[in-house]
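Trainee: I've got a model open and I'd like to learn how to read it. Can we go through it together?

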Amino acid sequence: MTRVLFDALTPKQARIAAVLHIEGAQRGVEVVVTCRDYMHVADMLELYGVPYRCVGRYGVSLYEKLVYGLERQRALADVAVEVDAMVGFPSPDAARVVFGLGKPLVVLNDTPHAHHVNRLVIPLSDVLVAPAATPEEAWRNYCPRRVVTFDGVFEYMWTSRFAPNPDVVKSLGLSPGGYVVFRPEEAHAAYYRWDYADLRRRLVDEARRLGYVVVNIPRYPDQIMDGVVNLTKAVDHLQLAYFSAGVVTGGASMATEAALLGVPALSYFPEGYYLDDYLAKRGAPLYRCRDLETCRGALREMLRVGRAGPLKLEDPSRVIFEVVSGVVSR
């Protein structure tokens, strides 16, 4: 049996790891999952019943990112020595270890703007798997050896397998359609250089003025807010999104998930994002904004317009396993 390492660093990556772990078992591929101490990641893996090993922690300052990363590399070496290859989103720690052991690396990526990790990982990779909506020139500065694309988004891997269950939201004391989900911005990521905390707080106030309960899913402890429902332990975010009136995020993943399910979603991430245009052209209820007044208007508009039908896209799982098989058999 082929064994591949997946180092999951975020809840989104944990979902991808879980889908690949489950699908891999049917294809003769064992996906060995590792993670780090970061809010909601281990919880998400446990929701899927995926075995994992949590190695190290997340660094906030540049010094912590460096030192904690070095500590993780030493621990990950003991895991990576037992696998045939690595697949996953850019993890500088795991990529350095796998490269040092002379094993192939398949990188999954939809964030060309995350230039710190991309510069460290993509040049070490054998293959980059990315949505076709991201133009190849967006990756050129990272020097990928080979780029394989698919007609979809990674989030489709789990939204297409989703089964609604209202009991999840009811167990939290929430009424379907009576709340708005907020996912704060990735404030401590190396690439994030903006301060949108005040804009987020004002949008929270706007949602409450419109009569909605606000459910906040913080990335970091300093994003916990007063007067809202704070979820610091993971529940199934897809259930929360599906039964909500809408989703607001400073990133992309939760907005994409919601829009794929037909739930209106708003992202205030300040840079352009190729996948937003791709999804919007296919009828996804996905809204973008960058300043307070535009965001307030977009929030009111998306809640007024409401839901749309779910999208049908290409599931990248097949492409990923084909690429993994190719690099391992060389």
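Mentor: Let's begin with a term: with a 1.4 Å probe and protein chains only, buried means under 20% relative accessible area, exposed means over 50%, and partly exposed is in between. Cysteine 54, at 38%, is partly exposed, while cysteine 143, at 54%, is exposed. Before we go on, this is a predicted model: local features need pLDDT of at least 70, side-chain atom pairs count only at pLDDT 80 or more, and totals for chains, interfaces and linings use all residues. Residues are numbered from 1 along each chain as its sequence is written, and side-chain values use heavy atoms, with hydrogens and water left out.

Trainee: How many disulfides does the structure hold?

Mentor: A disulfide is a covalent bond between the sulfur atoms of two cysteines. The test here is a pair of cysteine sulfur atoms within 2.5 Å. The structure holds one: cysteine 289 and cysteine 295, with sulfur atoms 2.1 Å apart. The torsion about their S-S bond is about 95°, so this disulfide is right-handed. Cysteine 289 is buried at 4% relative accessible area, and cysteine 295 is buried at 0%.

Trainee: Which residues of helix α12 are buried?

Mentor: First, helices (H or I, at least four residues) and strands (E, at least two) are DSSP runs, numbered from the N terminus. In α12, the buried ones are Cys295, Arg296, Ala298, Leu299, Met302 and Leu303. Seen down the helix axis, they fall within an arc of 165°, so they line one face of α12; the arc is that of the directions from the axis to the C-beta atoms. On the other side, Glu293 and Arg304 are exposed.

Trainee: What do the buried residues of α12 pack against?

Mentor: Think in contacts, meaning heavy atoms within 4.5 Å. The partners are β8 (179-183), α8 (197-209), β11 (246-249), β12 (265-267) and β13 (286-288). After the helix comes glycine 306, whose phi is positive, near 85°.

Trainee: What is valine 229 in contact with, leaving aside neighbours within four places in sequence?

Mentor: Val213, Val214, Val215 and Asn216. Valine 229 lies in strand β10 (residues 229-230), and its C-alpha is 6.2 Å from that of valine 214, 15 residues apart along the chain. Valine 229 is partly exposed, at 28%.
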